[in-house]
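Thanks for making time for this one. I would like to walk through a few parts of a model with you, and I will give the cut-offs as the terms come up.

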Amino acid sequence: MEIKQVRMGIVGAGTWGETHASIYAEHLFADPVAICDMNEQRAREIAEKYGIRKVYTDYHDLAADEEVDAVAIVTPDFAHADIAVAMADAKKNILIEKPLATTREDIARICEAVERNQVRCMVDLHNRWNPPFNTAKQEISSGKLGKPYTAYIRHSDVKWVATDMLSWASKSSILWFLGSHSLDSLRWLLDSEAKRVYSVKKEGILKELGVDTPDVYLTTIEFENGAIAHMENGWVTPNGNRNINDFRCSVMCTEGMISLDLSSHNLIEEVTEEKASVPDILVSNMVFDRCKGLSYESIRDFVDRLADGREFRVTLEDARKTALAIIAIHESADTGVPVDIEY
């Protein structure tokens, strides 16, 4: 069976926009044909490096390009909706870096545009491709551990991510940046929707460093199937931590449990005269100059699903419900009271 290549456009020429470009350039079923960024020089650098033929500085011009079949939106958390709607209206299939959007209005706008134009849309909630989490999902789904009862997940970053890596951290929160993955993972592992959340936030450390966003959120989540979970997300793990991520998860079921430790594992360690570190072997690692980490596999899978026509492994409804639950967690942390999630 001959499969036509998916002609990809990319909006956003930052670090992760280049990641998308590299994956499409090596994918047998993809052809990166256009990239767009307000910083034309940066976009041209990526275009030259990966053989991308067209460079735009206005996403409307990319949307009007009939050669583009699908578009990856690789812009900051809060800057997805206008671009996604424009691409849907131009009949482009869409991959959006998580989250779907950060307001109820923007979530609704994107979903309406996708449905009205009958295009396909996936949000890159890539932790489902994480081998330990995927294995845990298989084990829980088998039933041999009984039914999910309680869960705990901690997904945090060192301070450097908020202070140095992201120029826009003050316009977002750790809940959008990592909590989206945490909440989607819990929904997936527990096979249920979150119905009620209670969250407490703490702030001060990052504000003193010039980044106006909360340091940490501690959240209790009640699920429709009766399971309860605790979710911890912070941006203030010490920079000396052996891994950028501090990532742990456990699920206790009625007849067993499964536990994951992805950040302080003993599979590999590197020690220099200055520090000890744990090289990344899961998220964005390279094998023989090819992207092999979980955050790459989800992008590849988007192209694969466009090529074979099968359903995305993260549906638009998954992304919508995850984003609405994160909004409810923010509301609970701001008001100090539990919040019932409105879907």
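Histidine 155 is buried, with a relative accessible area of 6%, where buried means under 20% relative accessible area, exposed means over 50%, and partly exposed is anything in between, with a 1.4 Å probe and protein chains only. Before I go further, please keep in mind that this is a predicted model, in which local features need pLDDT of at least 70 and side-chain atom pairs count only at pLDDT 80 or more, while totals for chains, interfaces and linings use all residues. Residues are numbered from 1 along each chain as its sequence is written, and side-chain values use heavy atoms, with hydrogens and water left out.

Histidine 155 lies in strand β7, residues 148-157; helices (H or I, at least four residues) and strands (E, at least two) are DSSP runs, numbered from the N terminus. What is histidine 155 in contact with, leaving aside its neighbours within four places in sequence? Its partners are Leu178, His181, Ser182, Glu232, Asn233, Gly234, Asn245, Asp246 and Phe247, contact meaning heavy atoms within 4.5 Å.

One of those, phenylalanine 247, is also the bridge partner of histidine 155 in β11, and β7 and strand β11, residues 245-253, pair in the antiparallel sense over 9 bridges, two strands being paired if DSSP finds at least two bridges between them. Helix α8, residues 174-190, packs on the sheet, touching β7, β9, β10 and β11, and its direction makes about 155° with that of β7; axes here are lines fitted to C-alpha atoms, for helices over the stretch in contact, and angles run from 0 to 180 degrees between N-to-C directions. The sheet itself is open, with 7 strands in the order β12-β11-β7-β10-β9-β8-β17 and mixed pairing. Its edges are β12 and β17, each with a single partner strand, so one side of each is left without a neighbour in the sheet.

Let me turn to another strand. Strand β4, residues 70-73, is covered on both faces, with Ala70 and Ala72 on one side and Val71 and Ile73 on the other all buried. It pairs in the parallel sense with strand β1, residues 6-11, over 4 bridges, and alanine 70 is the bridge partner of methionine 8. β4 is also joined by 4 bridges to strand β5, residues 93-97, and these two run parallel, with isoleucine 96 as the bridge partner of isoleucine 73.

In the loop between β1 and α1 we find alanine 13, which is buried, with a relative accessible area of 2%. Its C-alpha atom is separated by 6.9 Å from that of cysteine 36, 23 residues apart along the chain. Leaving aside neighbours within four places in sequence, alanine 13 is in contact with residues including Cys36, Arg42 and Ile46.

Finally, the helices. How do α1 and α2 pack? Helix α2 covers residues 40-50, and α1 packs with it at an angle of about 20°, with their axes 10 Å apart; α1 and α2 are therefore roughly parallel to each other, given that angles under 35 degrees count as roughly parallel, over 145 as roughly antiparallel, 65 to 115 as roughly perpendicular and the rest as oblique. In this pair, Thr15, Glu18, Ala21, Ser22 and Ala25 in α1 meet Arg42, Ile46, Lys49 and Tyr50 in α2.
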